[in-house]
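Dear colleague,

Please find below the structure that I am handing over to you. My notes on what was found in it follow directly after.

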Amino acid sequence: MKTAVADGLRRLAGLVLITAVAVPVFRILDAPHTGVTGRLMAGTGEQQWRLGWVALAAALGAGLVLGALLRGRAVRLFERLGQALDSFRRVPFALALGLLASLLTVWVTFGIFKAQTVLIDASVQLIQAGYFAAGRLAAPPLELPEFWSIQFMVQTEAGWVSQYPPGQALALAVGVLVGAPWLSGVLAMGATALFTALSMERLLPERRVGARVGSILVAVSPLLLGLAAGYMSHATMAALAALAMYCALRADDGAWGWAVATGAAVGWMVITRPLTGLIIGVVVTIGVWSRGIRTGGSRALLSRAAALVAGGLPFAIGFGAFNRHFFGSPFRLGYEAAAGPNHGLGFHLDPWGRPYGVADGLGYTSAELVALGRDLLGTPVPVVALVGGYLLIARRLSRGERILLAWAGLPVVASALYWHHDLVFGPRMLGEAAPAWCLLAVLAGIGLVDSMRRAGGRVAWASEAMSVALLLALVYGVAYGGVTRLRRFASRVGPEPVSQVVAPALGFVHEPWSDRVGGRLAARGLRLDSVRVLLSRYPPCVLQSELDRLPVSESLETCRREEAADTRGVVGLSGFLWRGDLPGLPGAGVLWARDLGPQLNARLIERYPDRVPLVLLPPGAETAPGSEWPLVPYEEGMAALWAEPREGGAAR
């Protein structure tokens with residue numbers, strides 16, 4: 001009876017995965033209420049959906065031709081390669097993968113991203129890491145918050161602090177302390193590959209070659225490399241999940257200390273990304289220990305549960321104290337303090353004031369799963385459909401395969417319940433499950449080929465075509481597709497200041513008009529969700545006039561000037577803040593601040609008389625992303641940006 005139920009659930013999971021990428025559910029997102037993000041994901045999903053099936057057909061066609069020419073030699077070659085791969089000793093193999101992953105991350109960090117952040121999320125966590133590295137929990141409350149208020153940083157009575165749980169900032173602080181913030185991502189990627197390789201051989205003893213091939217794909221995954229090089233918390237989560245699984249497997253041998261280490265790894269996961277930390281933490285502990293618990297009974301369960309709690313309790317206590325200090329309660333997260341209760345899980349209005357319903361959750365999940373193949377391994381071939389097909393035809397799943405399926409699948413369900421989605425770096429909300437998806441893709445490919453060979457006849461002959469097709473898809477992804485995708489993300493990298501700064505400086509950054517207005521609204525105490533709604537409903541000119549309390553006769557002239565100031569070019573402040581002196585801390589470098597125009601800037605210049613005021617001057621509106629911008633004397637910058645606008649300029 002249990003076997004029949006398990007088989008039914010396995011086949012149902014396979015059918016759901018195939019349906020999710022075969023049926024274009026993401027088209028639901030092409031609707032007015034989803035905003036720009038929904039329409040972009042619908043468009044990306046449509047493009048990838050069409051490309052994926054065409055690529056699969058092309059790969060199978062090439063496989064059929066090459067399979068017919070090779071006449072069985074390809075499968076024999078793959079078998080010999082598998083035997084050679086199996087001959088390497090376990091620890092040296094894992095160390096080699098860890099080193100490879102680390103070196104690739106260094107290359108992406110400096111060669112593509114120029115050691116800069118791609119998303120504001122990472123910039124904010126690096127700002128927080130800077131305070132941790134300086135021995136502070138946060139900045140003191142800002143004196144002039146309009147010059148520094150940015151998304152995802154919260155002004156509280158206890159200080160100016162990141163909305164994010166502190167786990168990622170703690171990891172980044174390790175690199176900040178030694179003057180190399182990028183080091184944290186390199187170590188995270190190396191640890192992910194290392195502990196995945198060590199874990200999978202214990203978890204999948206009957207699929208040793210598949211475990212090793214899957215571990216190689218983890219080390220070269222474009223999705224993981226981009227997240228690690230971009231300072232993102234998903235890469236840290238993947239590393240902690242791999243570490244927790246390795247420790248849990250070692251504890252499965254009966255060593256109590258390894259169970260404590262498992263609890264510590266899971267604890268760090270929870271204070272990094274609470275929801276997926278809990279989900280994956282349960283999978284890699286209870287899932288791994290289930291066999292030992294069945295044989296050892298309640299005593300084994302209690303012993304390991306006690307060790308797990310002992311390892312995770314310090315993190316839970318610290319997290320609760322941090323939340324209470326800044327946000328008023330051990331159980332109130334920074335997300336809610338920043339953007340209100342609508343930031344939480346469930347189907348409701350999101351912090352932008354847009355409805356997020358069940359249909360939207362299905363649409364976003366469909367888009368993410370369609371894009372997973374392209375971004376996970378660089379190949380447009382639908383990896384999720386491959387895994388789904390294997391679940392449909394597999395005779396049974398081993399314990400290790402079931403754990404991997406839970407690790408890969410449960411974050412998908414959690415993501416569907418959460419309103420925020422995007423495809424920067426790919427489906428990054430599934431990043432912490434990327435190692436599991438890599439392993440499942442390999443196991444599914446091998447499983448499908450083996451099933452075809454066992455079937456005999458013409459189906460057995462087609463197994464060679466399938467083998468060649470999958471190999472071609474992987475080679476394309478690793479050698480070209482993944483690298484091309486990562487280079488596209490580099491367009492989000494901000495400019496680099498040209499001038500060398502000798503004296504302590506105050507560097508003004510010219511943000512878009514809407515961001516300047518948003519910063520001033522946040523400085524008045526408005527929560528992020530309120531700021532977002534105001535900016536989405538009213539033109540900047542209206543909000544600017546209200547902030548300045550201008551009569552109608554003067555507001556038009558002011559708005560024209562604000563609009564004209566942006567024509568030369570704009571750039572975000574957050575990408576600079578973490579690279580210089582931080583507000584509230586001493587320093588002899590550049591303290592970056594928002595340019596609010598000559599009149600308001602004078603207050604900040606007066607506050608920092610020992611700093612030389614400078615302006616990061618946009619060279620022109622058509623400047624390419626990532627180019628160098630001159631850091632010029634203050635008077636020159638103000639004259640260039642805030643000169644009187646020409647007659648006839650429109651006020652938005």
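At 46% relative accessibility, Leu 12 counts as partly exposed (buried means under 20% relative accessible area, exposed over 50%, and partly exposed in between, with a 1.4 Å probe and protein chains only). The model is a predicted one, in which local features need pLDDT of at least 70 and side-chain atom pairs count only at pLDDT 80 or more, while totals for chains, interfaces and linings use all residues. Residues are numbered from 1 along each chain as its sequence is written, and side-chain values use heavy atoms, leaving out hydrogens and water.

Leu 12 is located in helix H1 (helices, H or I of at least four residues, and strands, E of at least two, are DSSP runs numbered from the N terminus). Together with Val 5, Leu 9, Leu 15, Val 16, Leu 392 and Ile 393, Leu 12 forms a nonpolar surface patch with about 600 Å² of accessible area. Such a patch consists of residues with over 30% relative accessible area and no salt bridge, nonpolar side chains (Val, Leu, Ile, Met, Phe, Trp, Tyr) being joined within 5 Å and like charges within 9 Å. Areas come from the Shrake-Rupley method with a 1.4 Å probe, and for residues only the protein chains shown count as cover; a salt bridge is a side-chain nitrogen of Lys or Arg within 4 Å of a carboxyl oxygen of Asp or Glu. Helix H1 (2-22) gives the largest share of the patch, five residues.

The structure holds one disulfide (a pair of cysteine sulfur atoms within 2.5 Å). This disulfide joins Cys 541 to Cys 559, with an S to S distance of 2.0 Å, and is right-handed, with 95 degrees about the S-S bond. Because Cys 541 lies in helix H21 (residues 540-548) and Cys 559 in helix H22 (residues 552-565), the pair ties together parts 18 residues apart in sequence. Cys 541 is buried at 13% relative accessible area, and Cys 559 is buried at 0%.

With kind regards
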